[in-house]
Amino acid sequence: MADAENKTPKVINKSGTLKMDDKTAASKDTRDIAGRKMDRRGRRDRVKAETGPKEFDEITIAVDRVSRTVAGGRRMRFKALVAIGNHKNKVGVGVAKGNDVTTAVAKATSKAKKSMITFAMDGETICHEARTKVTGADVLIKPAAPGTGIIAGGTVRSIIGLTGVKNLISKSLGSTNKVNIAYAVIEALKSQVPRSEWTRKGEKK
């Protein structure tokens, strides 16, 4: 009987070491660097990380399929436009491409986090009117009285919804390209000057 057990085939790993069977692995004791026995249920690599509340919320504004002609034919990829904000006075926009939608959204989110801006607010609205142009996009934003809400189109509404602005009037006057509109909104928010820093024309502060 003992000879039969010794003749059972042994599985060898690529590194040349013998592979443990399930019974042997289950009976093995896990020890730390000091040689103390570790409880298998309390190992650090088995404990799930605590998931706290997210600091920033993100929204995918648009996902487009783009193609590029190469020697072998057309190369299809995806382009994602993502906005991220903390529902206060920090917001960012990112655009990225990837071989699939998940990769494109992940890259765009990373870019949005790196390019976040902090803008000035006046209560629950913006400080003053601003009009910005980015290539063909022309966006106008105006402060509004309490209770007005956000009067804006799709892209502008998505970005403003991630900030603490609750009352705003907006109008897109140029191109309908979502990427350019998104960057125009960011530039308009970046140009906000707090009321305490306003000066009359011709005066020096």
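β1 and β2, the latter covering residues 73–85, pair in the antiparallel sense over 13 bridges. A word of caution before I go on: this is a predicted model.

Now the whole sheet. Four strands make an open sheet, ordered β1-β2-β3-β4, and the pairing is antiparallel. At the edges stand β1 (57–70) and β4 (117–118); each has a single partner strand, so one side of each has no neighbour in the sheet.

Next, what lies across that sheet. Helix α3, residues 101–114, lies across β1, β2 and β3 (90–98), and runs at about 145 degrees to β3. Helix α5, residues 178–190, lies across β1, β2, β3 and β4, at about 155 degrees to β3.

Stay with β3 for a moment. G94 sits in that strand. Is G94 buried or exposed? Buried, at 1% relative accessibility. Setting aside neighbours within four places in sequence, G94 is in contact with A80, L81, V82, A108, K111 and A112. G94 and K114 are 20 residues apart in sequence, and their C-alpha atoms are 8.6 Å apart in space.

β9 and β10 (residues 168–172) run parallel, joined by two bridges. Within that pairing, I151 has I169 in β10 as its bridge partner.

Back to α5. The helix has 13 residues and reaches 18 Å from first C-alpha to last, close to the 18 Å expected at 1.5 Å a residue. At its start, a side-chain oxygen of N177 comes to within 3.0 Å of the backbone nitrogen of V179. Which residues of α5 are buried? They are V179, N180, I181, A182, A184, V185, I186, A188 and L189.

That brings us to the core. The largest nonpolar core has 31 residues. Those with the most contacts inside it are L81, I141, I159, I160, V185 and L189. At least two residues of this core come from each of β1, β2, β3, β7 (130–134), β8 (137–143), α4 (154–160) and α5. Which element gives the most to this core? α5 does, with eight residues. Take V185: leaving out residues up to four places away in sequence, V185 touches V139, V156, I159 and I160. Apart from this core lies another, of six residues, including V82, A96, A104 and V105. As a general rule, nonpolar side chains in soluble globular proteins tend to be buried together.

Last stop: Q192. Q192 lies in the segment after α5. Its relative accessible area is 7%; under the 20% cut-off, Q192 is buried. What does the side chain of Q192 reach? The backbone oxygen of A188, at 3.3 Å. A188 is itself one of the buried residues of α5. Beyond neighbours within four places in sequence, Q192 is in contact with A120, I126, C127, H128, A130 and I141.

Methods: Residues are numbered from 1 along each chain as its sequence is written. This is a predicted model: local features need pLDDT of at least 70, side-chain atom pairs count only at pLDDT 80 or more; totals for chains, interfaces and linings use all residues. Side-chain values use heavy atoms; hydrogens and water are left out. Two strands pair if DSSP finds at least two bridges between them. Contact means heavy atoms within 4.5 Å. Axes are lines fitted to C-alpha atoms, for helices over the stretch in contact, and angles run from 0 to 180 degrees between N-to-C directions. Buried means under 20% relative accessible area, exposed over 50%, partly exposed in between (1.4 Å probe, protein chains only). A polar contact is a pair of N or O atoms within 3.5 Å; within protein, one must be able to donate a hydrogen and the other to accept it, and residues adjacent in sequence count only if both atoms are side-chain atoms. The expected span of a helix is 1.5 Å times one less than its number of residues. A nonpolar core is a set of buried Ala, Val, Leu, Ile, Met, Phe, Trp, Tyr and Cys residues joined through side-chain atoms within 4.5 Å.
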